[in-house]
Amino acid sequence: MTHRLIRGGHVLCMDDAGREGVLDIRLRGGVIEEIGPGLAAGDAQVLGAEGCLVTPGLVNTHHHMFQSLTRAVPAGQDALLFGWLKALYPIWGRMTPQDIRLSARLASAELALSGCSMSSDHLYLFPNGARLEDSIEGAGEVGIRFLATRGAMSIGESSGGLPPDALVEDEAAILEDCARVVDAFHDPSEAAMVQVGIAPCSPFSVSRELMRDAAILAREKGVRLHTHLAENEEDIAYSQANFGCRPGQYAQELGWVGDDVWHAHCVKLDSAEIDLFAHTRTGVAHCPCSNCRLGSGIAPVRAMRDAGVPVGLGVDGSASNDAGNLAAEARMALLMARVRDGANAMPAREALAIATRGGAEVLGRGRHLGRLAPGYRADLALWDMSGVEAAGNWDRAALLLAGPMRVRDLFVEGRAVVQAGVLLGVDMRALAQEAAAAVERLANGG
């Protein structure tokens with residue numbers, strides 16, 4: 001059983017008491033065993049953390065990892081959501097199972113280097129024989145925790161939907177495969193490295209019946225539900241024109257509220273929808289960079305938090321963010337909240353709390369992840385505050401105001417994933433070269 005002692009870092013626990021200070025952390029068997037000053041080393045492997053800020057591992061609540069091979073595609077660079085999707089659907093339709101595995105490995109590597117110890121992924125298209133396990137295998141090579149959601153699209157252009165007909169699936173087959181992947185891969189234990197959720201893509205790409213049946217299936221299986229909701233004004237207009245109501249009411253009618261549900265974006269929630277989500281403990285994945293990139297707006301995060309809505313952070317797909325750095329996403333969340341609601345709207349510690357314990361709660365892991373406390377899983381990030389990025393910083397815990405956006409060390413379940421700034425077990429140069437070759441093939445129609 002691995003016994004490790006993290007010695008002398010400035011620890012930001014993210015617990016209810018707001019505990020922080022120069023402390024030692026003992027890790028044993030994948031769990032935080034003890035936190036305190038001057039702990040005896042005994043037979044532990046000692047890792048010096050002097051000059052570092054130590055935080056819980058960051059938690060990413062929304063991603064489309066397959067999009068990591070379609071960053072900065074010229075046809076989609078300046079488009080709003082629906083136009084951006086139409087530009088990219090044909091490219092995504094050419095992807096292979098190998099592309100899905102590669103993109104998940106690439107995205108997970110980028111996240112890990114930014115301090116992320118757990119990520120969800122929303123894979124909603126399965127071209128050319130791709131399956132959910134392709135993404136699970138790719139992410140597994142990096143070593144972060146993974147919540148793979150089985151997405152789907154079922155209404156194509158010929159039926160009034162947005163995606164091409166070639167990318168939609170039969171709804172009975174979707175539900176059958178959802179059941180298959182949950183049974184095959186979902187681990188409900190507190191130490192789980194892989195879990196599975198059910199995630200129809202969006203109200204404008206699946207039917208009312210699939211939304212309802214997916215919710216029923218998820219609850220039968222005891223797994224979580226995820227989709228996009230209220231992302232921009234086009235999304236609101238579509239809901240009102242096609243369903244005769246706002247997105248929050250549509251979600252409520254179909255069973256898509258509750259503490260086992262989280263929705264991505266929610267930029268355009270109104271006050272009644274915020275109250276609904278707060279009352280039902282329905283979670284939100286806040287994706288500020290993507291919302292800026294696509295011109296969708298600034299989500300009312302301050303109002304959500306004040307009302308009691310569970311909020312986590314998501315980098316969203318790399319085709320609508322062009323990066324997968326969760327620490328940078330947390331900084332953007334802080335800045336956008338201040339642009340919307342004033343300079344005191346989002347303290348640095350609160351933004352970091354959203355990126356850690358907030359994300360863990362949204363993904364249903366809040367009792368075991370997202371905080372540094374005895375009995376919690378040993379997921380933690382060490383940030384070197386001795387470099388030029390933090391030089392002159394008076395408050396070491398204000399990482400998001402003045403500090404590095406890349407970790408020195410990252411531990412997941414007590415195992416080193418990043419060590420001295422290097423991602424273990426992954427040849428980053430070879431990974432980048434493999435991605436470049438895939439991009440060239442996709443760009444040339446192959």
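What radius of gyration does the protein chain have, and what would a compact globule with 446 residues have? This is a predicted model, and its protein chain comes out at 21 Å. A compact globule with 446 residues would be near 22 Å, so the two agree.

**The chain as a whole**

Here are some overall values for the protein chain.

| Feature | Value |
|---|---|
| Box filled by the C-alpha atoms, along the principal axes | roughly 65 × 45 × 40 Å |
| Accessible surface | about 15,900 Å² |
| Share of that surface belonging to carbon and sulfur atoms | 51% |
| Buried share of the 446 residues | 61% |

As for secondary structure, the protein chain has 13 helices and 17 strands. Now for how the sequence folds back on itself: take the contacts with a separation of 6 or more, and 75% of them are between residues 24 or more positions apart.

**A look at helix α1**

Helix α1 runs over residues 81-92, which makes twelve residues. From first C-alpha to last, α1 reaches 16 Å, close to the 16 Å expected at 1.5 Å a residue.

Which residues of α1 are buried? They are Leu81, Phe82, Trp84, Leu85, Leu88, Tyr89, Ile91 and Trp92. These residues cover an arc of only 165° around the axis, so they sit on the same side of α1.

And what do the buried residues of α1 pack against? Their partners are the helices α6 (233-243), α9 (288-293) and α13 (428-443).

Definitions and conventions
Residues numbered from 1 in each chain as written. Predicted model: local features only at pLDDT ≥ 70, side-chain atom pairs only at ≥ 80, totals over all residues. Heavy atoms only, no water. Helix = DSSP H or I, 4+ residues; strand = E, 2+ residues; numbered from the N terminus. Expected span 1.5 Å × (residues − 1). Buried < 20%, exposed > 50% of the residue type's maximum accessible area, 1.4 Å probe, protein only. Arc of directions from axis to C-beta. Contact = heavy atoms within 4.5 Å. Rg over C-alpha atoms; globule rule 2.2 N^0.38 Å. Areas by Shrake-Rupley, 256 points an atom, 1.4 Å probe, with all protein chains shown as cover.
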